[in-house]
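Hi,

Here is the structure I said I would pass on. Have a look at it first, and then read my notes below.

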Amino acid sequence: MILINENTKVIVQGITGSQGRFHTQQMLEYGTKIVGGTTPGKGGQEVCGVPVFNTVKEAKEKTGATCSLIYIPPAFAADGILEAIDAEMELVVCITEGVPVLDMMRVKNYLIGKKTRLIGPNCPGIISPGASKTGILPGFICTPGKVGVIGRSGTLTYEAVHQLSALGIGQSTAVGIGGDPIRGSGFIDMLELFEKDPDTLAVVMIGEIGGTGEEEAAEWIRDNMTKPVVAFISGKTAPKGKRMGHAGAIISGGKGTQQSKAEAMKNAGIPVVPTPDKIGETLVEAIKKAGIYEQCLAK
Amino acid sequence: MKIHEYQACELYTQYGIPCPKGYIATNMDEAVNIAKEIGTFPIAIKAQIHSGGRGKAGGVKVCHTIEEVQIAAKKMIWKTLYPHQAGPEGKFVRKLYVTEGSNIDHEYYVSMAVDGANACITLLASAEGGMEIEELSRKNPEKLHHMKIDPTIGYRDYNGWEMAKKLGITGAQAKQFVAITRGMYRLFVEKDCSLVEINPLISTKEGNLLAIDAKINFDDNALFRHPDIVALRDYDEEDPKEIEASKYDLNYVSLNGSVGCMVNGAGLAMATMDIIKHYGGEPANFLDVGGSANAERVKSAFEILLSDPKVKTILVNIFGGIMKCDIIAQGIVEAAETMGIDIPVVVRLDGTNAEKGREILTNSGLALVPAKTFAEAAKKAVELANSKKED
């Protein structure tokens with residue numbers, strides 16, 4: 001597994017809000033080691049039995065957490081990320097949807113040379129099935145196993161995980177990197193981790209229209225990846241110039257079309273899933289071809 | 001969010017970017033009066049619509065006499081234009097921007113946009129202005145100059161000077177160019193834009209630079225801190241169904257097919273459109289009810305889908321994560337009971353409490369078509385929509 005495991009200590013920024021509270025409960029039930037939370041001005045309180053602090057720095061010092069999970073409203077989310085970077089959290093996962101793009105521009109540039117890895121914003125988070133989850137992914141559709149999953153969109157990532165589980169294929173870690181034009185981590189960052197991870201034998205990536213992340217990932221896979229990868233790209237029928245829900249899912253200036261992304265994948269020798277119901281089947285074909293099907297079956 | 005050219009010109013003027021003098025007319029007489037007030041020719045009459053490609057569709061006219069102003073205004077106002085960038089339904093013209101004309105010596109292209117991959121604002125410019133940026137980047141990519149502006153230090157005048165040199169702009173005009181790009185960057189950052197475009201930026205025979213078209217798009221996520229920009233929103237330019245949807249926090253985009261879609265999550269919603277097309281159907285819309293949809297939102301989503309006469313079938317595709325399928329099923333039943341749905345509704349529920357949800361639908365006695373998988377749901381919805389079309 002990558003990014004998080006059963007020992008990862010997590011704090012929740014914005015833990016006293018309704019979202020923060022609800023998901024803290026869900027994550028504790030899943031087995032995530034939530035050791036605290038923050039809301040400025042509410043230090044000293046408790047949520048779901050874990051202590052609340054005023055600042056991330058204090059929460060980190062008192063709990064030894066290495067991962068911070070953000071459920072702060074969009075207007076303040078970027079400040080929350082900056083605070084977590086300043087407190088030198090190793091991993092920051094920002095769930096918040098609707099963060100202004102210029103705020104993220106500042107965050108992304110502040111990250112350069114820092115110790116923090118950021119996932120999101122506008123993402124469903126991370127799950128290492130059976131070990132830990134940081135975010136909002138539903139735990140019960142996942143099965144522990146050997147296939148890594150990376151997606152830009154939440155529910156489509158769930159769909160992929162669900163199809164894999166239904167075919168008896170377990171997952172090492174599933175990561176939603178988010179649907180915004182500027183995000184902390186991209187496909188390549190995650191592919192790099194999966195390539196290095198001994199528990200991951202193959203990877204499914206779920207892309208969509210907008211940006212050039214999928215094209216760049218295709219080249220990277222061709223040059224660096226030894227494990228089989230299959231890709232699905234949604235938005236074949238999306239009209240030009242319209243924002244399809246995600247701020248990042250927009251075809252602008254003739255760039256970022258599904259066709260160009262699928263083409264890049266094919267050129268790099270990566271099997272492209274033809275229709276969204278065939279994500280699991282395409283992966284099974286690829287791992288059979290690589291001779292690792294038996295190893296990928298969930299026990 | 002998009003605004004009109006005349007509104008963008010007002011913002012340009014505030015930020016020191018020179019634009020021709022102009023006023024808004026809502027009928028022919030007003031256009032004529034404005035032309036008389038300006039008092040010099042040529043006069044430009046420009047249809048104010050939220051769509052590119054307006055010139056080729058007859059939405060821009062340069063006039064040399066009052067009679068020409070009269071004819072041009074009459075041809076445009078209260079008429080529908082069909083620019084290729086707008087949908088087949090075209091764009092209805094409610095306002096004309098009547099401006100001073102200019103003696104064009106040369107046309108440039110200048111814009112700033114968010115560059116997601118590099119996490120910065122990129123300045124794009126070309127000495128070959130006037131044509132659409134898509135066309136320019138396809139035909140002469142080497143003539144389109146890119147310059148990344150480092151967000152940690154922001155725009156510096158040397159950025160402008162360097163770009164002026166690339167465009168071959170010299171002397172006093174180079175100084176004007178620097179002031180224009182400086183203003184564009186300040187506007188971009190202060191108002192949270194996602195695009196600021198001048199196409200064309202012209203040099204006049206008198207030797208000045210002038211923005212004779214103006215286009216600004218804003219980051220929807222940042223509108224909460226710009227009430228002045230929100231006030232510029234023109235609801236007439238938007239699809240009424242999209243406006244209705246935005247009231248309920250639903251992500252909705254109107255399309256031209258016959259299968260109405262209701263899905264949770266943007267990626268899954270796009271994938272649903274794709275699979276409809278794969279089975280030979282056409283989606284009527286993109287609709288993401290969001291991750292935290294409740295019965296109320298499901299009901300509003302149904303109302304919007306049913307208000308579209310093109311919709312012959314509805315496909316509900318829900319993958320319950322945090323959202324529970326039984327709650328969604330309840331919403332569907334309530335919507336069906338209060339609204340009297342008279343078209344087939346295919347429902348696929350999976351994920352959290354999916355069994356419970358399916359039970360609620362079966363026990364409701366409503367004529368809903370259940371589907372077990374993504375593919376089965378799409379196939380059924382397309383078949384039903386296509387059979388209805390033949391009736």
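One term before the rest: helices (H or I, at least four residues) and strands (E, at least two) are DSSP runs, numbered from the N terminus. With that in hand, take B:Pro42, which sits in the loop between α2 (28-38) and β2 (43-47) of chain B. The peptide bond leading from B:Phe41 into B:Pro42 is cis, with omega near 0 degrees.

Some ground rules. This is a predicted model, in which local features need pLDDT of at least 70 and side-chain atom pairs count only at pLDDT 80 or more, while totals for chains, interfaces and linings use all residues. Residues are numbered from 1 along each chain as its sequence is written, chains are lettered from A and ligands numbered from 1 in the order in which they are written, and side-chain values use heavy atoms, with hydrogens and water left out.

Most residues other than glycine have a negative phi, and most peptide bonds are trans. Chain A has a cis bond to look at too: it joins A:Gly120 and A:Pro121, with omega about 10 degrees. A:Pro121 belongs to the loop between β7 (117-119) and β8 (125-128) of chain A.

As for phi, A:Cys48 has a positive value, near 50 degrees, and is not a glycine. You will find A:Cys48 in the loop between β3 (46-47) and β4 (50-53) of chain A. B:Trp78 also has a positive phi, of about 60 degrees, without being a glycine; its place is the loop between α3 (66-76) and β4 (80-81) of chain B.

Are these two buried or exposed, or something in between? Buried means under 20% relative accessible area, exposed over 50%, and partly exposed in between (1.4 Å probe, protein chains only). A:Cys48 has a relative accessible area of 31%, so it is partly exposed. B:Trp78 is at 47%, so it counts as partly exposed as well.

**Chain B as a whole**

Chain B has 13 helices and 18 strands. Its C-alpha atoms fill a box of roughly 80 × 50 × 40 Å, taken along the principal axes. Of its 391 residues, 54% count as buried. Contact means heavy atoms within 4.5 Å. Among the contacts in chain B with a separation of 6 or more, 69% come from residues 24 or more positions apart.

**Where the chains meet**

How many residues of chain A are in contact with chain B? There are 48 of them, and they are in contact with 46 residues of chain B. The two chains bury about 3,800 Å² between them, 66% of it on carbon and sulfur atoms. Buried area here is the accessible area (1.4 Å probe) that two parts lose on being put together, summed over both. On the chain A side, A:Leu102, A:Thr237 and A:Met244 lose the most area to chain B, together 15% of what that side buries.

**The nonpolar cores**

A nonpolar core is a set of buried Ala, Val, Leu, Ile, Met, Phe, Trp, Tyr and Cys residues joined through side-chain atoms within 4.5 Å. The largest one has 101 residues, and those with the most contacts inside it are A:Ile150, A:Leu191, A:Met205, A:Met244 and A:Leu283. Helix α9 (residues 266-278) of chain B gives the largest share of this core, 8 residues. Another core lies apart from it, with 69 residues, including A:Ala77 and B:Leu11.

Not counting residues up to four places away in sequence, A:Leu283 touches A:Val147, A:Leu164, A:Ile169, A:Ala202, A:Val203, A:Val204 and A:Val230.

A:Met265 is in helix α8 of chain A. Its relative accessibility is 0%, so A:Met265 counts as buried. Beyond its neighbours within four places in sequence, the residues in contact with A:Met265 include A:Met205, A:Ala231 and A:Ile270.

A:Gly256 lies in the loop between β13 (229-234) and α8 (258-267) of chain A. With a relative accessible area of 5%, A:Gly256 is buried. A:Gly256 and A:Glu208 are 48 residues apart in sequence, and their C-alpha atoms are 8.6 Å apart in space.

Happy browsing!
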